[in-house]
Amino acid sequence: MFDSFVHLGNAFLSLATPTSLFYVAAATFFGIVIGALPGLTATMGIALLTTLTYKLPAEQAILVLIGCYVGAIYGGSRTAILLNIPGTPANAATTLDGFPLARAGRGGEAMGLATASSTLGTFVGVFALAVVAPMLAEFALGFGSYEYFWLAIFGIIIAGQMTAFNDPLKGWIAGVLGLLVAMVGQDGIHAHARFTFGSTELAGGIALIPALVGAFGFAEVLTVLSEKKAEIASRTIGKVRPSLSQLWKYKRTIGRSGLIGTGVGIVPGVGEDIGAWVSYAAARRSSPEKEEFGKGSLEGLVAAETGNNAAIPGALIPALTLAVPGSAPAAVLLAAMFLHGIRPGPTIMLEQPQFVFGVVWMVVFATVAMGVFGLLLARPLLLVLRIPRERLMPVVFVLCVIGPYAITQRLFDVWVMLAFGVLGFLLRKMNYPMAPLVLGIILGDLLDKNLRRALLLSDGDFSPFFTRPVSMILCGITVFMLLVALAPVRRSAGRLVSMAFGR
Amino acid sequence: MSSLNSTRADLVTGVVFLCLGLAAFIGSVRMDRLSERGIDPWTAPGVVPGLLGAVLALLGLTLALRSLKPAEGEKAPTDWTKLRRLATTLGLCLGYALLLVGNLPFWLASMIFVFVFTTLLEHDPADTPRRRYRKLAMAAILAAASGIGIHLLFQELFLVRMP
């Protein structure tokens with residue numbers, strides 16, 4: 001315990017330098033702009049920044065990416081409130097009450113409250129990150145191949161189900177597709193080339209960054225340009241400062257949503273968007289002003305914005321300690337950590353404990369920057385929303401092309417980006433969630449190596465998969481989740497959605 | 001694009017996933033078992049892709065069977081403006097990334113792409129000539145700035161050898 005405080009202190013000292021503070025401020029601002037621009041998501045912002053920060057030292061690069069992550073999830077609330085379109089998928093629940101408030105001329109109040117709730121939500125999550133991550137890492141030290149196998153299966157099943165909760169089948173298909181994509185290239189045990197069709201490029205496997213830039217960047221460019229143009233709700237926004245009395249009034253909602261968001265964030269592949277929806281639904285259920293939800297309820301707005309930002313540190317917990325990302329943006333962050341030679345996983349608390357606490361401070365710094373920018377730069381940020389998408393998107397696409405190329409300097413990665421962009425666009429149009437696909441690409445290798453290793457260890461005996469304590473629990477939850485996904489319980493999930501949407 | 005949400009699309013994609021899964025399964029079964037290297041048969045490279053292929057085939061089949069049920073609700077009419085914009089965007093992006101990049105210097109390729117993209121997608125027949133010229137000038141400035149800016153950023157600052 002005392003060690004933790006020492007590491008926390010050391011991490012603070014090594015991060016609190018003028019350079020780091022400059023980086024975090026710039027990155028968070030960049031993130032807010034990315035999040036506010038419809039069609040540019042946190043995942044894409046982090047993926048593009050990974051290519052731009054490739055030459056920075058590891059700690060600074062991750063700091064920049066985390067700043068962008070925190071900023072983008074918050075920045076999306078601006079667009080949700082003023083344009084009624086979520087700037088990032090995480091702000092979908094924010095539109096329900098944010099936009100009616102803006103139309104009523106209370107946009108400033110809504111933005112101020114969204115800023116305060118996002119800040120408080122992240123702090124709830126970051127506290128959990130500091131406390132839970134070391135414990136989870138220690139617990140996971142006891143994991144063997146059997147447990148990792150179940151963890152991968154559990155991740156795909158639950159992510160597939162929760163990110164597409166009116167149609168888990170499509171979520172699972174996306175997940176399995178991701179796992180299969182990860183099978184392309186040399187296998188992790190014998191280095192045998194699989195599904196490469198004689199191509200040396202494919203033998204290297206399909207890298208995550210180009211795939212993500214395609215699925216979240218190019219696919220978004222296509223989506224945004226085929227949608228209708230949105231108009232700003234109201235030119236009068238009023239003052240952008242949250243009142244303390246209001247925050248105090250919603251203290252329960254903030255606490256509850258913070259905990260829910262963090263918990264949802266920890267679940268593999270299930271990120272900020274679901275964190276916001278679940279928090280929103282819970283707030284609605286327990287609110288005395290239920291009928292206000294969806295018509296401009298401040299409480300609904302608070303719940304959604306606390307829930308999505310709390311999911312950020314939540315999603316980082318499994319990413320750091322199990323190398324299993326809690327959300328799509330965390331998946332890119334995980335890939336970036338590997339690029340920079342950091343090795344997330346259960347041994348991280350033994351090998352690089354200071355890095356884990358460094359991440360805690362990175363989130364704290366980014367959150368402070370986010371709060372300050374959010375309150376001070378409300379009006380300049382309005383200008384961002386006026387940039388015509390026809391001028392923004394071609395530049396974004398040029399970055400989508402050059403970004404993945406810059407890391408490996410091979411055109412093959414540009415083709416991967418294009419292929420995933422078109423595939424991602426089509427799948428999204430047919431209501432397939434992208435998060436399980438991304439999770440699948442990451443978990444594929446984990447599943448592949450650990451299933452075969454486990455079978456080698458047990459000499460083909462399947463019983464340890466079901467008899468080892470942790471395996472048994474993970475298996476039990478997985479089976480339970482599968483059963484829950486069947487028709488009757490799916491109907492109640494549908495009710496949850498309709499409740500969240502205010503019918 | 002709402003037509004893509006129809007059960008018909010589910011039937012087609014279900015069959016595609018079924019075929020893809022079967023192909024992966026068959027490819028895995030026929031994959032080299034590396035027996036000459038004396039490896040444990042449980043660690044053969046095809047084990048996991050084979051299982052995943054079978055699962056995908058099963059899920060695809062479920063999707064296809066489920067979509068055989070009669071569709072509910074009316075089919076939304078196709079929005080041709082949307083489709084035309086989508087086709088233009090897709091064509092321009094693919095043309096740029098596959099044909100221009102690699103054959104022209106990156107800055108030039110990007111400049112042409114940004115200019116043509118902005119001009120075509122901002123085109124509005126109702127514009128006055130004056131407004132049209134302004135849009136063209138904006139597109140040219142944006143193209144020059146982004147082409148040269150991105151080139152310099154990556155080549156000079158990140159030391160990337162540009163395509």
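Buried area is the accessible area, taken with a 1.4 Å probe, that two parts lose on being put together, summed over both. By this definition, chain B and chain A bury about 5,600 Å² between them, and 77% of that area lies on carbon and sulfur atoms. The structure is a predicted model, in which local features need pLDDT of at least 70 and side-chain atom pairs count only at pLDDT 80 or more, while totals for chains, interfaces and linings use all residues. Side-chain values use heavy atoms, with hydrogens and water left out, residues are numbered from 1 along each chain as its sequence is written, and chains are lettered from A and ligands numbered from 1 in the order in which they are written.

With contact taken as heavy atoms within 4.5 Å, 66 residues of chain B touch 59 residues of chain A. Four salt bridges are counted between chain B and chain A, each being a side-chain nitrogen of Lys or Arg within 4 Å of a carboxyl oxygen of Asp or Glu. A:Glu390 pairs in this way with B:Arg85, their closest N and O atoms being 3.0 Å apart.

Chain B is assigned domain 1 (2-66) and domain 2 (80-157), the bounds coming from an automatic or database domain assignment. The centres of these two domains of chain B, taken over C-alpha atoms, are 40 Å apart.

The second largest pocket has a volume of about 1,100 Å³. Its lining comprises 44 residues, of which A:Leu208, A:Phe338, A:Ile441, A:Ile442 and A:Asp445 are the closest to its centre. A pocket is here an open set of points on a 1 Å grid over the protein atoms alone, where a 1.4 Å probe fits, with protein on both sides within 12 Å along at least five of seven lines; lining residues have an atom within 4 Å of a point. The volume is the space filled by probe spheres set on the points, which are joined across faces, edges and corners. The lining of this second largest pocket divides into 25 nonpolar, 10 polar and nine charged residues, where Ala, Val, Leu, Ile, Met, Phe, Trp, Tyr, Cys and Pro count as nonpolar, Asp, Glu, Lys and Arg as charged, and the others, Gly among them, as polar.

A:Leu8 is found in helix α1 (residues 2-15) of chain A, helices being DSSP runs (H or I) of at least four residues, numbered from the N terminus. Leaving aside neighbours within four places in sequence, A:Leu8 is in contact with A:Phe357, A:Val360 and A:Trp361.

Methods:
Helix = DSSP H or I, 4+ residues; strand = E, 2+ residues; numbered from the N terminus.
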